Amino acid sequence: SQFIFIALHGGDGESGVLQKQFATQGVKYNGPNEQVSRLCIDKWETARFARSLRIDGVETAPAKLTEVSELVKQKDLKDFWRALCRELHARTIIVKPRADGCSSGIVRLFSARDLSTYLKLVKSGAASIPKETFKNQNNIIEMPRGKVDELLFEKFIETDQIRVKGNKLKHY
């Protein structure tokens, strides 16, 4: 029997499009089915679904969904930035396009100036964000293909650093 290993990241490789085609044709494949893929490509709906399960110990970051067109209308993003930080109880914010996979377009913002830079990249349809465009950004960040209509803002949550050194787990 036929088997396809899906190794695509974002877009049709994660959105359920390929999964639906394969299922329709009876082709086996790795990863989740069409419905789960369609849910998980949408970061906002994925978090909403996770919250709805009410699993002890499973939480989602405080978040706000905003249309790009609303942000573009703002003359000065400083007021929006301050209100966003207050609403999410955060000093720094993670921004990401609502759709197109788990890592596409994700940036940590430190200021209204960062938000303005990010918004310009989104409006221009940039394919990627050059490394060192933002503080602590050491790599190129791929952006979604196509127009980004909505941005998801989440509180940045500092996590522990875990790494393996000399076959031993190091935790900071």
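**Exercise 1.** State which residues alanine 63 touches, not counting residues up to four places away in sequence.

*Solution.* Take contact as heavy atoms within 4.5 Å. Under that criterion alanine 63 touches Trp44, Leu88, Leu152, Phe153 and Glu154. The model is predicted: local features need pLDDT of at least 70, side-chain atom pairs count only at pLDDT 80 or more, and totals for chains, interfaces and linings use all residues. Residues are numbered from 1 along each chain as its sequence is written, and side-chain values use heavy atoms, with hydrogens and water left out.

**Exercise 2.** Classify alanine 63 as buried, partly exposed or exposed.

*Solution.* Buried means under 20% relative accessible area, exposed over 50%, and partly exposed in between (1.4 Å probe, protein chains only). Alanine 63 has 27% relative accessibility, so it counts as partly exposed.

**Exercise 3.** Describe the lining of the largest cavity by residue and by class.

*Solution.* On a 1 Å grid over the protein atoms alone, a cavity is a set of points where a 1.4 Å probe fits but cannot get out; lining residues have an atom within 4 Å of a point. The lining consists of Val122, Gly125, Ala126, Met143, Pro144, Gly146 and Val148. Next, assign classes: Ala, Val, Leu, Ile, Met, Phe, Trp, Tyr, Cys and Pro count as nonpolar, Asp, Glu, Lys and Arg as charged, and the others, Gly among them, as polar.

Definitions and conventions. 1 Å grid on protein atoms, 1.4 Å probe; cavity = no way out; pocket = protein on both sides within 12 Å on 5 of 7 lines; lining within 4 Å.
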